[in-house]
Amino acid sequence: MLDQIALLAAVTVLGVLEQAYFALQVIYARRKYKVSPPDTAGPPEFERVFRAQANCSEYFPIFVSVLWVAGLFFHQGVAAVCGLLYLYARYQYFQGYTLSAHGRLGPMYFSAKVLWILIGLSMAGLLVHFLSLNTFVGRMEIPSKLQLLFRW
């Protein structure tokens, strides 16, 4: 069982560590530019670090969800590779955004494509799962009155 989810778990932990790194960068930027919480406005250099971290955090739940669904229902290895590509792209996004707002664009587009691939893999895996389930339910011995409810 654990072999079937080990890669997904490893990518998830790497993602959590990446999120922690981004949060630490905001703390360091707050100190460097003297922006005390809860303020979110300050020099443009601080605001770019703050927004980069916030943007990455906003997409993290979506990423983790489709990573696991794609890994469980499509293929763990393919999902894990996509997950690593996504994490790398988000790291590049963060680094690019901290330097300039324009520097985030290439990695942002790439990470969005990887996220859409994970969504597609998730949907494909679930579709196959439900079609297989449909076939299984169709073969079950169900009393004739109930068969009307399960006519596919």
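The largest cavity holds about 30 Å³ of space, a cavity being a set of points on a 1 Å grid over the protein atoms alone where a 1.4 Å probe fits but cannot get out. Its volume is the space filled by probe spheres set on the points, which are joined across faces, edges and corners. The model is predicted, with pLDDT of at least 70 needed for local features and 80 or more for side-chain atom pairs, while totals for chains, interfaces and linings use all residues. Residues are numbered from 1 along each chain as its sequence is written, and side-chain values use heavy atoms, without hydrogens and water.

**Cavity**
- The structure holds 1 cavity of 30 Å³ or more.
- Its lining (residues with an atom within 4 Å of a point) consists of Glu 18, Gln 19, Phe 22, Cys 56, Phe 60, Tyr 86, Leu 87 and Arg 90.
- H1, H2 and H3 each give two or more residues to this lining; helices are DSSP runs (H or I) of at least four residues, numbered from the N terminus.

**Nonpolar cores**
- The largest nonpolar core has 17 residues, and Val 11, Phe 63, Leu 67, Ala 79, Tyr 86 and Leu 118 have the most contacts inside it.
- Such a core joins buried Ala, Val, Leu, Ile, Met, Phe, Trp, Tyr and Cys residues through side-chain atoms within 4.5 Å, buried meaning under 20% relative accessible area with a 1.4 Å probe, protein chains only.
- At least two core residues come from each of H1 (6–33), H2 (44–73), H3 (76–99) and H4 (105–139), and H2 gives the most, with 6 residues.
- A second, separate core of 12 residues includes Phe 22, Phe 46, Ala 52 and Tyr 97.

Key. Buried means under 20% relative accessible area, exposed over 50%, partly exposed in between (1.4 Å probe, protein chains only). On a 1 Å grid over the protein atoms alone, a cavity is a set of points where a 1.4 Å probe fits but cannot get out, and a pocket is an open set with protein on both sides within 12 Å along at least five of seven lines; lining residues have an atom within 4 Å of a point.
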